[in-house]
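Biologist: I'm new to this one. Could you walk me through it?
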Amino acid sequence: MTTRALTLVCLLLSATVVGIGPALADQSATVDDGSLPLASAEQQVVTGETSIAPGTELTVRLRSNDAAAPFLHQQTARVADDGSFAAVFDLSNVAPNTSYELTIHYDGQTLAERTETLVACDGDCTDTVPETPTPTPAPNDGVVQVTQGEVAEIPVAIDGTETAVFSLGGDDVNYLVNASLIDGDGDGTVTVRFDTANAGTDGETLSVADASDSLMVTREETELPSTLDPASYEYRVFYGDGTDGRADDVGTLLVEANDTAEEQFAVDDGPEFGFERSVYTTRQGGTARLTVVLADAEAGTVSIGGRESGYEINATVRDGDGDGTVTLLFDTAAAGRDGTTLTAAAETDSVTVEPGSEVALDTRLDATEYDLTLYRGDGATDDAADIGTLSVQASNETTNDRATATVADGPTNGDGTESGSGIPLEPGSLALGAGGLVAIVGLGIILRPLL
């Protein structure tokens with residue numbers, strides 16, 4: 001293992017969300033017994049308490065233990081100020097008496113796990129969803145402090161504007177990343193989470209604390225040869241879509257040195273089969289990057305959408321370069337219409353669309369959320385291995401044609417999108433980077449109507 005990898009492993013293991021005292025090993029969660037058992041009905045609510053910081057998102061997962069009645073449901077739950085959380089599920093299509101595993105996850109760790117059995121619904125089984133007000137970020141006076149390896153939470157005020165661009169770093173610190181922000185819940189604030197352990201790597205560096213808000217990287221971050229240096233990093237906020245002119249707000253991210261950064265830890269570095277992230281975001285006309293971790297599997301099958309969303313496509317992916325992952329490029333402008341909807345970002349990987357699986361559309365893909373389902377092997381089965389969500393957000397275009405605009409100050413990827421943005425270039429174009437041709441499999445796909 002390289003020094004870089006060992007350092008990152010150390011930081012990841014020692015990392016805590018900024019503002020939390022206990023280390024990851026001390027973080028825990030419990031499920032309220034009063035919220036169980038869950039019934040075979042709509043609006044079933046799992047509640048509990050956790051030591052994780054308020055505002056943090058947990059993942060609550062329900063997975064069947066019964067091969068005859070397979071199901072997998074996953075929801076995010078925001079931690080309230082008092083440490084409580086609630087996740088809402090629709091289990092109306094799951095048969096009663098089905099045994100399942102209930103698990104709570106955070107930052108790759110399983111915080112709680114228990115086995116339960118779904119009961120039959122007798123009468124009104126609708127659970128009450130508890131009120132969990134959005135935690136208010138503490139005033140930071142423009143300065144946010146974080147230790148190497150931790151996750152900084154930076155509140156960005158975007159009152160009076162629909163979008164803003166967040167820019168962190170600059171030439172003076174040899175690191176820069178830009179991202180556009182959208183305040184999805186209208187509370188006037190988007191809390192940006194900056195993972196210092198992932199900075200300058202292939203991992204996810206920027207995200208949002210509130211699932212209703214959204215973030216899209218518009219300038220690919222600077223690649224770093226080692227861990228992000230301890231230093232002061234200026235962040236700037238520009239209201240609108242670009243970074244021209246004077247910033248509307250300026251602050252400082254102070255990254256402090258981690259004395260344990262050079263320690264080495266023995267870890268199990270074997271990746272798990274599944275989606276790299278639980279939620280992916282893009283805009284209408286844009287190209288979403290969906291990374292699938294195949295681990296030791298020869299192939300995986302991805303299903304996007306379903307009957308409820310009005311669109312669906314299935315494809316089998318194979319890892320050709322041996323890195324254990326395949327990044328799918330989903331072209332929302334081509335979805336359901338003429339053109340190639342799914343390709344692989346790496347020329348050595350392959351994507352084969354199941355003939356007749358894609359639903360034909362008369363207009364461009366709707367701005368809504370689409371289910372992502374991953375199956376092990378070649379072809380969709382009844383046993384899903386992982387699930388996720390693709391959120392397609394409305395663009396400002398008034399035409400159904402492919403978007404032609406690009407976001408300012410961003411280099412392009414080899415897949416024809418701006419680095420990290422998922423926004424396509426010219427209609428029908430496909431830019432080629434140093435990596436060569438993008439693998440395209442399954443041309444001449446036959447579209448089908450939604451049944």
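Modeller: Let's begin with a salt bridge, that is, a side-chain nitrogen of Lys or Arg within 4 Å of a carboxyl oxygen of Asp or Glu. The side chains of E204 and R277 form one, at 2.8 Å from N to O. This is a predicted model, where local features need pLDDT of at least 70 and side-chain atom pairs count only at pLDDT 80 or more, while totals for chains, interfaces and linings use all residues. Residues are numbered from 1 along each chain as its sequence is written, and side-chain values use heavy atoms, leaving out hydrogens and water.

Biologist: Where do E204 and R277 sit in the chain?
Modeller: E204 is in the loop between β12 (189–195) and β13 (206–208), and R277 is in the loop between β17 (274–275) and β18 (279–283). The pair links distant parts of the chain, 73 residues apart. The strands are DSSP runs (E, at least two residues), numbered from the N terminus.

Biologist: How many salt bridges does the structure hold?
Modeller: The structure holds nine. One of them joins R61 and D386, with the closest N and O atoms 3.2 Å apart. R61 lies in strand β3 (residues 57–64) and D386 in strand β26, so this pair ties together parts that are 325 residues apart in sequence. D386 is buried, at 7% relative accessibility.

Biologist: What does R236 pair with?
Modeller: R236 forms a salt bridge with E234, and their closest N and O atoms are 3.1 Å apart. R236 is buried at 17%, whereas E234 is partly exposed at 39%. There is also a network: salt bridges that share partners join D33, R114 and E116.

Biologist: Now the inside. Which residues have the most contacts inside the largest nonpolar core?
Modeller: They are L290, I304, Y311, F330, L342 and L390, in a core of 30 residues. A nonpolar core here is a set of buried Ala, Val, Leu, Ile, Met, Phe, Trp, Tyr and Cys residues joined through side-chain atoms within 4.5 Å. The elements giving two or more residues to this core include β19 (287–293), β20 (300–306), β22 (325–331) and β26 (386–393).

Biologist: Which strand gives the largest share of this core?
Modeller: That is β21, with four residues.

Biologist: Where are N97 and N174?
Modeller: N97 is found in the loop between β5 and β6, and N174 in the loop between β10 (163–170) and β11 (175–182). N97 is exposed, with a relative accessible area of 64%. N174 is exposed too, at 59%.

Terms used
Buried < 20%, exposed > 50% of the residue type's maximum accessible area, 1.4 Å probe, protein only.
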